[in-house]
Amino acid sequence: MISSNGLKTLNEYFTRSEEMYGSNAFLRFVENGDDKSVSYSEFMNRVRKFAGYVREYNSSEGRKANIALIGRTGFDYLTVMIGTVYAGSVIVPLDSQMKI
């Protein structure tokens, strides 16, 4: 278990988790009827890639992207949520099944 020993940001927690558990399963899920497993390192590679897109947008627009995320929860949803935070931007997750 990760304690707060000197860690101050979510990015530090994500990075420390990858260092500690790299090849261990981070997430298990079913996709098209097949069982899938993603390691901490695989997940963080996706997170960093998405964060790179967000940072690129931020610099090209000259401002931080604030992202509203609506969709079905799952691996991609989680990647976008964590990737946005990792990039230093704000994310607002919305529930696609919420009755308005």
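This is a predicted model: local features need pLDDT of at least 70, side-chain atom pairs count only at pLDDT 80 or more; totals for chains, interfaces and linings use all residues.
Helix α3 is followed by Gly 88, a residue with a positive phi near 90°.

Helix α3 covers residues 75–86. Its 12 residues reach 16 Å from the first C-alpha to the last, close to the 16 Å expected at 1.5 Å a residue. Buried positions in α3 are Phe 75, Tyr 77, Thr 79, Val 80, Ile 82, Gly 83, Thr 84 and Tyr 86. The elements that cover these buried residues include the helices α1 and α2, together with the strands β1 (25–31), β2 (34–39), β3 (66–71) and β4 (90–95).

When neighbours within four places in sequence are set aside, Thr 79 is in contact with Phe 43, Arg 46, Val 47 and Phe 50.

Two packed helices are described by the angle between their axes and the distance between the axes. For α1 (residues 10–21) and α2 (residues 40–61), the axes come within 9 Å and cross at roughly 150°. The crossing of α1 past α2 is left-handed. On the α1 side, Phe 14, Ser 17, Glu 18 and Tyr 21 take part in the contact, and they meet Tyr 40, Ser 41, Met 44 and Arg 48 of α2.

Technical notes. Residues are numbered from 1 along each chain as its sequence is written. Side-chain values use heavy atoms; hydrogens and water are left out. Axes are lines fitted to C-alpha atoms, for helices over the stretch in contact, and angles run from 0 to 180 degrees between N-to-C directions. Helices (H or I, at least four residues) and strands (E, at least two) are DSSP runs, numbered from the N terminus. A crossing is left-handed if the near helix is turned anticlockwise from the far one by less than a right angle, and right-handed if clockwise. Contact means heavy atoms within 4.5 Å. The expected span of a helix is 1.5 Å times one less than its number of residues. Buried means under 20% relative accessible area, exposed over 50%, partly exposed in between (1.4 Å probe, protein chains only).
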